[in-house]
Structures are given as C-alpha cells and as structure tokens.
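Biologist: I would like to learn how to read the features of a protein model, step by step. Could you take me through some of them, with the general idea before each case?

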Amino acid sequence: MGTELLDATFAALADPTRRAILARLAAGEATVTELAEPFAMSQPAISKHLRVLERAGLVSRRRDAQRRPCRLEARPLREATAWLANYRDYWAESYQRLDALLDELRAVDQTDADRRRSQPDGPRG
C-alpha cells in the first residue's frame with residue numbers, strides 16, 4: 001500500500017462519524033439520506049465525510065436510476081490491517097519477553113522466601 005493511501009485511510013478512520021458510516025455500510029449499500037438518519041448533522045456534512053472516505057478508497061458510489069447508493073470498499077482496510085500486523089508481531093514478542101522476565105522474578109522471589117523459611121529465627125535468649 002502506498003504511503004499516501006495509507007495516510008488517507010488512517011485519516012479517514014480517525015473520525016468516529018466516518019467509522020460509524022463504514023460500520024453502517026458493512027451491512028449493505030445506503031444513500032446519503034439513509035446514512036445521515038442516525039446523526040445530528042446535515043446531509044451536506046455527511047457528504048463531506050463521504051468525500052473523505054471516497055478519497056481514501058473506503059467508499060464508492062454508483063448511479064442506480066435516481067439513487068446514488070454508497071458502498072463499502074474494504075481493500076484499503078485489509079491493507080491497513082496488514083500494515084498494522086507488523087506491529088502486532090512486535091508487541092507479541094515484547095509481551096513474551098515481559099512474561100519471561102516476570103517468571104524469572106517470581107522464581108527469585110520464591111527462592112528468597114524458601115531460604116527465609118528454612119533459616120533459624122536467630123539467637124534466642
């Protein structure tokens with residue numbers, strides 16, 4: 001995925017209204033009017049959000065007689081997910097190293113506790 005398209009994808013996903021629009025379109029095509037219904041904003045405002053999503057390649061529109069339904073285009077999401085997967089591997093390795101360190105610290109704590117229990121209490125008077 002090109003840097004420009006990746007940037008556009010993440011910029012489009014940064015807004016909760018645009019994410020909600022994508023979630024709605026995941027259920028099927030919808031017109032601007034249908035997409036605007038659940039929001040307290042005008043159709044022109046929704047249209048601006050749709051233009052951002054279109055520039056990112058996340059939404060397309062087609063003409064169907066008088067209607068212009070919008071549809072989800074998931075390819076940029078798949079490519080963004082693939083890009084993020086590299087970091088998932090990094091974090092998985094980091095967590096594995098942290099788990100190993102915690103196991104080592106627990107073993108040291110257990111050894112110290114066992115040693116203290118096995119030692120006499122000291123001089124008795």
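This is a predicted model: local features need pLDDT of at least 70, side-chain atom pairs count only at pLDDT 80 or more; totals for chains, interfaces and linings use all residues.

Biologist: Let me begin with the rings: what describes a pair of aromatic rings?

Modeller: Such a pair is described by how far apart the ring centres lie and by the angle between the planes. In this model the count comes to four aromatic pairs. In one of them, Tyr90 and Trp91 have ring centres 5.2 Å apart and planes at 75°, so this pair is edge-to-face, given that an angle over 60 degrees is read in that way.

Biologist: Are these two residues buried or exposed, or partly exposed?

Modeller: Tyr90 has a relative accessible area of 45% and is partly exposed, and Trp91, with a relative accessibility of 47%, is also counted as partly exposed. Elsewhere, one aromatic cluster is formed by Phe10, Trp83 and Tyr87.

Biologist: Which residues form the nonpolar patch on the surface?

Modeller: The patch is made up of Trp83, Leu84, Tyr87, Tyr90, Trp91, Tyr95, Leu98, Leu101, Leu102 and Leu105, which together have about 1000 Å² of accessible area. Leu105, another member of the patch, is found in helix α5, which covers residues 75-118, and its relative accessibility of 45% makes Leu105 partly exposed.

Biologist: Now for the charged side chains: how many salt bridges are there?

Modeller: To read one, look for a side-chain nitrogen of Lys or Arg within 4 Å of a carboxyl oxygen of Asp or Glu; by this rule the count comes to seven salt bridges. One of them joins Glu29 and Arg71, whose closest N and O atoms are 3.8 Å apart. This pair links distant parts of the chain, since Glu29 lies in the loop between α2 and α3, whereas Arg71 lies in strand β2 (residues 70-72), 42 residues apart. Glu29 is partly exposed at 28% relative accessibility, and so is Arg71 at 39%. Glu29 and Arg71 are also linked with Arg62 in a network of salt bridges.

Biologist: Finally, where does Thr31 lie, and which residues is it in contact with, leaving aside its neighbours within four places in sequence?

Modeller: Thr31 lies in the loop between α2 (16-26) and α3 (32-36). Leaving aside neighbours within four places in sequence, Thr31 is in contact with Arg67, Arg68 and Pro69. Its relative accessibility is 13%, so Thr31 counts as buried, the cut-off being under 20%. As for distance, the C-alpha atoms of Thr31 and Gln119 are separated by 78 Å, and the two residues are 88 residues apart along the chain.

Note on methods:
Residues are numbered from 1 along each chain as its sequence is written. Side-chain values use heavy atoms; hydrogens and water are left out. Rings of Phe, Tyr and Trp (its six-membered ring) pair if their centres lie within 6.5 Å; planes under 30 degrees apart count as stacked, over 60 as edge-to-face and the rest as tilted. Buried means under 20% relative accessible area, exposed over 50%, partly exposed in between (1.4 Å probe, protein chains only). Helices (H or I, at least four residues) and strands (E, at least two) are DSSP runs, numbered from the N terminus. Contact means heavy atoms within 4.5 Å. Patches are made of residues with over 30% relative accessible area and no salt bridge: like charges are joined within 9 Å, nonpolar side chains (Val, Leu, Ile, Met, Phe, Trp, Tyr) within 5 Å. Accessible areas come from the Shrake-Rupley method with a 1.4 Å probe; for residues, only the protein chains shown count as cover.
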